[in-house]
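Here is a short briefing on the structure shown below. Read it alongside the sequence.

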Amino acid sequence: MLRNAISHLDPPLVLSLIVLSGLSLVVLYSSGGENMDLIYKQGIRILIGFIILFLVAQLSPQTLQRWAPYIFSIGLILLSMVLLVGIVGKGAQRWLDLGLFRFQPAEIMKLGVPMMVAWVLTRHPLPLRVRELAIAALIVCGPTVLVILQPDLGTAILIAAAGVLAIFLAGIGWRWLLAFTVALGAAGPLMWTMLHDYQRSRILTLFDPWSDPLGAGYHTIQSIIAVGSGGANGKGWMNGSQSQLEFIPERSTDFIFAVYSEEFGFIGAVLMICLYFFVVARGMYIAFNAQDTFSRLIGGALSLTFFFYVFVNIGMVSGLLPVVGVPLPLVSYGGTSMVTLMAGLGMLMSIHTHRKLMPQ
Amino acid sequence: MMARIRIKDYVRETNLIQARLVISSIIVAALCIALLARLYYLQIEQHSHYSTLSQENRISFVPIPPARGQIYDRKGRVIAENLPTYTLELVPDNVPDMDKALDQIARLIELSDIDLQRFHTALRSRPGFEIRTLKSGLTDEEVARFAVNQHQINGFQINARLRRHYPFGPEMVHVLGYVGRISEVDLERIDRNAYRGTDYIGKLGIEAHYERTLLGQSGYEQVETNAHGRVVRTLSRVSPVAGKDIYLNVDVDLQQAAREYLGEFEGAVVAIEPGSGGVLALVSNPVYDPNPFVNGIDTKSYKLLRQDDGRPLLNRALNGRYAPGSTVKPVMALAGLEFHRSPYERVFGKGWFSLRGSRHRYRCWKKQGHGWMDMHDAIVQSCDVYFYTLANNLGIEKLHDFLIRFGMGKKTGIDLDDEPSGLVPSPEWKRAVRGQPWWPGETVIAGIGQGYTLVTPLQLAMVTATLANKGIRNKPRLVRAVRESGATKILELGPQTIEQVAIRNRKMYEIVIDAMVDVVHGKRGTARRSGLGAEYRFAGKTGTAQVIGIKQGATYREENVAKRFRDHALFISFAPVEDPKIAVAVIAENGGGGSRTAAPIARQVMDYYLIGPPPPPEKEPEKDDDAA
């Protein structure tokens, strides 16, 4: 029974996830100022994450496909509730207090949106027709707008990305893609007016963080200094001055990669990016070899979303992208995103391991 | 093409998605390479640049103020010292919300309006990463209260600093001046680097004039800080160099005694050691306490000081300008000798003098007149008519020339700032400043030190010292010696001779000095009473300066008007005659006659210096009221 359950795990993926989690604890020990409390908490989260991964991996892709509309609906209801009764956390309404821990409904949508998109798109044979495309677009836009209203730009981008990636994989025509890009370009100025001041200044300072080194550019500058001063070999574990002296803001959460690359240098950064690339490549491989369209779509979308996390986070830390609150998967301190990520990875394993059980 | 196929084609669908997966994977790989390229650029290419930035980020220099040089009096007593005090300081850049933080602080430590006002000025005047003082002189209780709550207030710290203190308070204020907080005006003229970490600067007196000597050099500590500015550890330290200690010629005891002798009179006493130019006492009465000025006096107290009728803030010894009156007569006599008037030439003092062709009478202080007077008698008895005649015969040009040679009408060069030059009038001066011609009558009254002539008490003392020195003029010096910080050896500065007064024959001094001796020791001397019982021979000259009108800009209360119009009493003297050790000038404002008021003060000062403090007056036995 247990052996059967374990067989639903994908060893290469599990191994690389364990390495990443291990790295997370190592970096947290340094960034958190040797605070063991932090390590225990993160350790427990990782454990819970793996348990969720294990459980999700047991579900067959068909089950996931069946559940997709329900998960999406529950997520939508919870998101609306957050807007109505959400408590204020970090100046933004994102949380639902469920007593024991606070729950962020937007996280559900990171999985719910790509699942729902895949569900809708597989009801009819591909390639896409305009009607399915329109429905999929609504599925993506609805939750995204709700999350933007919270306001949580980072999560909104991630949700939208997951949905858009699923649509892309479903073979949306290049002309549509072009039209979409143009529309996005046109919507840019409109969205600009909808952004909050702090979000605007973050985008503006991306182009010139030094224009406001103690204000909006502070995060980016301190982070770039940390990364750049790390050099090839790094300053050594626990020896990063930028992190140890508290120059890097959010150094255990969103900016943990700055701490990591300051202390472990370019070599460490290459190692971590290779690890992530491996995870994504493995996910793409699983999607490629999946046996039905829903599995391919959801597997590809989740893998690409995972990479999107990594790219946005490291891009932000290294000053390529504006500062949006996107954690580094599995490494950043924090619980909510860990659960969704692990569930997503569990789905990948489910896709891969339930394959042989299906009649060819 | 694909879009047109509507039949369910499983293989085609699979191929489509797989193609997209491959494209996506290629994009993922490309983006990974982009990230690696970016990191390569930051960590390898630009490594040294960011490495430097991170060094600068965490290493900051904390200036350490030097201990200001101490000041000692002639007998080695500390008269300006540094006392430890607790100050509440902060680095503005490290305080995210200043108003909130100040609110929090105000709940723990009492902040006055002046503290806040001064702090806000300081906030604007220097860059935000430099440390500022919010309040100094915290009590132990306040320190404790702050320490308990410190974790709630970022960027603030309590440091033990040194605060200037003047143990003799008001007694030495007109000599020492005081230090105060660096103002915005100060900032414009000082080298800010030299004052890093220092809040104080000499504002007045010795403290201002010897600022560079006393200041010392700032040191600094190279410290590693976190982004909140909290010091994590010290990397290196360059110790500050304490300012040099200064030893004054001034004797606090003599200074105190002289002011005591001056009593209620507003005025000045200046005592100089003729041989060196050392200033033994520089008294201006009334006085004020300099200590409140160190951290900034409150507006109300300052207003009171400014509006005080006695004008305590005015340093009369240095800045007060008075008509010299008859004290100028010895110099007038010398001028006569220099310009070939015979000392034996006699003038009949009939009580008044008139210019030829004029009916205006210039009166002598003695209405009935002195009778026939030669130079000696004219000095001893202070005969005005003799000096009216002498001045009139010499003419204003020669008088002006000689008085200037003697050091009047120009700065003495004392080691204090903002010394006025006094005034010796000339026709050129009057034309230039007043736009009026010189009248012969003005020459006449210049002969007895009235009219436009103005001297400072310091100048008067210098004239006296020059007479005692027979023409050798030493620059008046408050500072006797300087000691490098940490050094045991004291560097004596020695006398600085400015010039020897150009005169035909130094024997001429003896004629004048003989007469000045008879002023106090002669039977008919105007100050003969002050010479009684002296254990040494001294020379002197009385003077009485008419108060022509109310001083400009000053208003007096009605009950004081009468007193305010009374003449100023002056006296100059030096002793012992054979080997002068001390030259004194006394001015008692509204003191009436010089012989009655000023001369006894000068005598007491000389007694104190040459003989020692007088025996304490015998106390009357206390009445025993309870005795039955």
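In chain B, 52% of the 628 residues are buried, where buried means under 20% relative accessible area, exposed means over 50% and partly exposed lies in between (1.4 Å probe, protein chains only). This is a predicted model, in which local features need pLDDT of at least 70, side-chain atom pairs count only at pLDDT 80 or more, and totals for chains, interfaces and linings use all residues; side-chain values use heavy atoms, with hydrogens and water left out. Residues are numbered from 1 along each chain as its sequence is written, while chains are lettered from A and ligands numbered from 1 in the order in which they are written.

**Confidence in chain B**

- The average pLDDT of chain B is 86, and 92% of its residues score at least 70; pLDDT is the predictor's confidence in each residue, from 0 to 100.
- Residues 1-7 of chain B have a pLDDT below 50, and this stretch makes seven contacts in the model beyond near neighbours in sequence. A contact means heavy atoms within 4.5 Å.

**Overall build of chain B**

- Chain B holds 24 helices and 23 strands. Helices (H or I, at least four residues) and strands (E, at least two) are DSSP runs, numbered from the N terminus.
- Its radius of gyration is 37 Å, well over the 25 Å that the globule rule gives for 628 residues, so chain B is more spread out than a compact globule. The radius is taken over C-alpha atoms, and the rule is 2.2 Å times the number of residues to the power 0.38.
- The C-alpha trace of chain B spans about 150 × 80 × 55 Å along its principal axes.
- Of the contacts in chain B with a separation of 6 or more, 73% are between residues 24 or more positions apart.

**Surface and charge of chain B**

- The accessible surface of chain B is about 30300 Å², and carbon and sulfur atoms account for 50% of it. Accessible areas come from the Shrake-Rupley method with a 1.4 Å probe; for residues, only the protein chains shown count as cover.
- Chain B carries 82 positive and 72 negative side chains, and the centres of the two sets are 6 Å apart. Lys and Arg count as positive and Asp and Glu as negative, with His and the chain ends not counted; each charge is placed at NZ of Lys, CZ of Arg, CG of Asp or CD of Glu.

**Chain A**

- Chain A contains 14 helices and three strands.
- Buried residues are 57% of the 360 in chain A.
- In chain A, 72% of the contacts with a separation of 6 or more join residues 24 or more positions apart.
- Chain A exposes about 15000 Å², with 71% supplied by carbon and sulfur atoms.

**Backbone features**

- The bond between B:Asn285 and B:Pro286 is a cis peptide, with omega about 0 degrees. B:Pro286 sits in the loop between β12 (278-285) and α11 (291-294).
- A cis peptide bond also runs from B:Ala575 to B:Pro576, with omega near -15 degrees. B:Pro576 belongs to the loop between β22 (568-575) and β23 (582-588).
- A:Leu330 is not a glycine, yet has a positive phi of about 70 degrees. A:Leu330 is in the loop between α13 (293-317) and α14 (336-353) of chain A, and is buried at 3% relative accessibility.
- B:Asp418, another residue other than glycine, has a positive phi near 55 degrees. B:Asp418 lies between α17 and α18 and is exposed, at 68% relative accessible area.

**Residues around α17 and α18**

- B:Ser426 is placed in the loop between α17 (396-405) and α18 (427-434). B:Ser426 is buried, with a relative accessible area of 5%.
- Beyond neighbours within four places in sequence, B:Ser426 contacts B:Ile396, B:His400 and B:Trp438.
- B:Asp401 is in helix α17 and is partly exposed at 33% relative accessibility.
- B:Asp401 and B:Ala335 are 66 residues apart in sequence, with 9.1 Å between their C-alpha atoms.

**Strand β18**

- B:Val482 is part of strand β18 (residues 479-483) and counts as buried at 12% relative accessibility.
- B:Val482 and B:Thr213 are 269 residues apart along the chain, and 8.5 Å separates their C-alpha atoms.
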